Amino acid sequence: MELPVIGQEAAQSSGGGCSASSCGSSNDQLSHLPDAIRAKVQDHPCYSEDAHHYFARMHVAVAPACNIQCHYCNRKYDCSNESRPGVVSELLTPDQAVMKTKAVAATIPQMTVLGIAGPGDPLANPERTFETFRRLSEEAPDIKLCVSTNGLALPESVEELSRHNIDHVTITINCLDPEIGAKIYPWVFWKNRRIFGVEGARILIEQQQKGLEMLTARGILVKVNSVMIPGVNDQHLKEVSKVVKAKGAFLHNVMPLIAEAEHGTFYGLMEQRGPTAEELEDLQDACSGDMNMMRHCRQCRADAVGMLGEDRGEEFSLEKIAEMNIDYDKAMEMRAAVHEGITAELNAKRAEKAAAVPAPEKAKRGLRPVKIAVATAGQGVINQHFGHAREFLVYEASEDGVRFLSHRKTDLYCSGDETCGDGESVLARTIKALSDCEMVLCSKIGFEPWGLLEAAGIMPNGEHAMEPIEEACAAVYEELAAAGKLEPKGDGAACAA
Ligand code: CLF
Ligand code: SF4
């Protein structure tokens, strides 16, 4: 059924290329960095929050084996240290991986990073992983290489990683205390033996810490991923954040545990719950005093292709790639021009931000912060129909400014408001996912979702279509303040939830 729409006309973007529209990048995490580091992260969609609105990444699933067991993994699916559990990737040989990478690079020129993140542990499959990296560094030198590991085999791999010019390594570190580790890892496979419990966890933790120190000593950027497991390591992760920062890690990505019985994992079957969105945000805030936090992770699959949050993998099946005729030298020229255009736009925005004269300090009005959900298809602007959104970005507007908090995944409402397995409609689930937000900004929205959102205390707003996200959030915050709707917290202020 065609839905009636409310709000301004807005072009839908597939996330491809860079529009000439004004783009609002979120807080510029890069301005304080030395030039050499900035050059390494400014076009990496995971290491730079504002870059993820413009640049894409891809993974090749070349690494099937794993050398440890995590309680949130059952090995039928991708490695959950970097991936959403419950999905399976098509395994590739290094040769197929190189072909696929070139095909994606030629088709999606804003793809800047090739990562290996599973489906097992890349460093437990050194031949396949390093053969892929070696070939790509020779044949597609314009692509940054990235790897994600549980860390057990990291120290012995550091030399080889530096040889392949790999500037970005992610280590999943869930704990520093082997007693906690034993509740997450039942065993590790070490020196041809399976080692169980606390002793196995101790070995894993020592290897992770040693690998982290060796990488940072070589100037390789390290991101640490941690899976937040309520009641197991949630309190402990603040300590993890402090320690890894002290050892030179660049970024900390605390991800929520996803444990469902149907995935057949130990935690899923034991009904270990994952954190709520609010618990996750609170922990990220608690860690952020000590560390650069990543908040835009999408827990991608081991064969993900496209912008973060988007999966174009089906366009690049082996069958489809075989039909493509790729001239990679030509593709590199085109990619260089596209990257130059995006980088110029991004740099202009970063410079504009750095040069902006700070607004005179306003006397604090004692207003409460507001969470605002945003539908965007990329480029940092509000350019997506409510019904076309597969995810919403959540921002907090307050008297201190606007900051990005998290994203919320939803199903595609516009494909038909079908009932999910649990009897709940897709729209009802979306509204539940946004229940702590007071407003949703999108380019358009139909009457039915408008009414239901409003009834749930979430005000839809289509008046800021094609505006930069942060500017639009600041504007609606001021509108709410002017309307007297932001009385201080604790005074019985209505919270949409
Ligand atoms: Fe892939 Fe990971 Fe490299 Fe990114 S993903 S290997 S650092 S290129 Fe990124 Fe995906 Fe989160 Fe990973 S959003 S799951 S953090
Ligand atoms: Fe599974 Fe990854 Fe853990 Fe290995 S490291 S057990 S593949 S989640």
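This is a predicted model: local features need pLDDT of at least 70, side-chain atom pairs count only at pLDDT 80 or more; totals for chains, interfaces and linings use all residues.
The protein chain holds 14 helices and 15 strands, and 55% of its 497 residues count as buried. Among contacts in the chain with a separation of 6 or more, 74% are between residues 24 or more positions apart.

**The α2 and α11 pair**

- The axes of α2 (residues 94-107) and α11 (residues 328-355) come within 9 Å of each other and cross at roughly 40 degrees.
- Angles under 35 degrees would count as roughly parallel, and α2 and α11 are therefore oblique to each other.
- On the α2 side, the residues that meet α11 are K102, A105 and A106.
- Their partners in α11 are Y328, A331, M334 and R335.

**The α4 and α6 pair**

- Helix α4 (residues 154-163) and helix α6 (residues 197-217) have axes that come within 8 Å and cross at roughly 25 degrees.
- That angle makes α4 roughly parallel to α6.

**One face of α9**

- Helix α9 covers residues 277-288, which is 12 residues. From first C-alpha to last, α9 reaches 16 Å, close to the 16 Å expected at 1.5 Å a residue.
- Its buried residues are L280, E281, L283, Q284 and C287.
- Viewed down the axis of α9, these buried residues fall within an arc of 165 degrees, so they line one face of the helix.
- As background, an α-helix has 3.6 residues a turn, so residues three or four places apart point the same way.

- With a relative accessible area of 1%, L251 is buried, because buried means under 20%.
- Leaving aside residues up to four places away in sequence, L251 touches C46, Y47, V222, K223, V224, M291, N292, M293 and M294.
- S48 is 203 residues from L251 along the chain, yet their C-alpha atoms are separated by 9.6 Å.

**Backbone details in loops**

- G118 and P119 are joined by a cis peptide bond, with omega about 10 degrees.
- P119 belongs to the loop between β3 (111-116) and α3 (126-139).
- N192 is not a glycine, but its phi is positive, at about 65 degrees. This residue is in the loop between β6 (187-190) and β7 (193-196).
- Q379, also not a glycine, has a positive phi of about 65 degrees. The loop that holds Q379 runs between β11 and β12 (391-398).
- Q379, in contrast, counts as buried, at 3% relative accessibility.

Technical notes:
Residues are numbered from 1 along each chain as its sequence is written. Chains are lettered from A and ligands numbered from 1 in the order in which they are written. Side-chain values use heavy atoms; hydrogens and water are left out. Helices (H or I, at least four residues) and strands (E, at least two) are DSSP runs, numbered from the N terminus. The expected span of a helix is 1.5 Å times one less than its number of residues. Buried means under 20% relative accessible area, exposed over 50%, partly exposed in between (1.4 Å probe, protein chains only). The arc is that of the directions from the helix axis to the C-beta atoms. Axes are lines fitted to C-alpha atoms, for helices over the stretch in contact, and angles run from 0 to 180 degrees between N-to-C directions. Angles under 35 degrees count as roughly parallel, over 145 as roughly antiparallel, 65 to 115 as roughly perpendicular and the rest as oblique. Contact means heavy atoms within 4.5 Å.
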